[in-house]
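Have a look at the model below.

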Amino acid sequence: MDLLELDKKRVMHIDTSCKLYERKNTGIAYKMIRSNEHKGLCLSLKLKKELERDLKINRDYARIYAICIYLLIKDDLDKFDILVICGDEDIKLVKKYLNFLFSKDKTYYEKEIISVYELRKITGNKKLRSYANNISNSYRKRAFKSLIRKQEGIPLNVLPINYKILKEKWSEIEYNEKV
């Protein structure tokens, strides 16, 4: 892919507000480049601790990241051609887990999934950051606030997430790895 080809595509960036192992809430959000449309979620510190304790995560944060990405984009696959994933977790593992989660969705396989590092090579801009960086921070800071506070500044489109949903997708990946 080159710059001209990239310029003709609909690009979605996805990023985290901080590393998943950090002891604070983590916002994960996507942002569409041309439309500035965004959606995000927030993993509370309490939820992350429960997942670590019960699922024996054992530093497999790429799996949690992939599950969150899946939940954010599964209903929006028609909105983008290229998904740029920030390199907060191992991109190869994230792609592998996304392939498991989207195994029955042909639309997903028509998409190009690249890391922000690959995008830097394509553009030649070594300082390029994910366009979703700032919005993921907004989700981290405001997703659990009251509705009025949530809509201050840029209105948020928060995807509700809970332990049960994450555990179900975690188990789905485990099953696919065994098959």
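Does Y109 count as buried, partly exposed or exposed, and at what relative accessibility? At 45%, Y109 counts as partly exposed; buried means under 20% relative accessible area, exposed over 50%, and partly exposed in between, with a 1.4 Å probe and protein chains only. Y108, on the other hand, sits at 2% and so counts as buried.

A quick word on what you're looking at: this is a predicted model, where local features need pLDDT of at least 70 and side-chain atom pairs count only at pLDDT 80 or more, while totals for chains, interfaces and linings use all residues. Residues are numbered from 1 along each chain as its sequence is written, and side-chain values use heavy atoms, with hydrogens and water left out.

Back to the rings. The whole structure holds four aromatic pairs (Phe, Tyr or Trp rings, the six-membered one for Trp, with centres within 6.5 Å; planes under 30 degrees apart are stacked, over 60 edge-to-face, the rest tilted). F102 and Y108 have ring centres 4.2 Å apart and planes at 10°, so they are stacked. Y108 and Y109 come out edge-to-face, because their centres are 5.3 Å apart and their planes are at 80°. Together with Y70, the residues F102, Y108 and Y109 form one aromatic cluster.

Now zoom out. The protein chain has eight helices and five strands (DSSP runs: H or I of at least four residues, E of at least two, numbered from the N terminus). In sequence order they read α-β-β-β-α-α-β-α-β-α-α-α-α. Buried residues account for 47% of the 179 in the protein chain.
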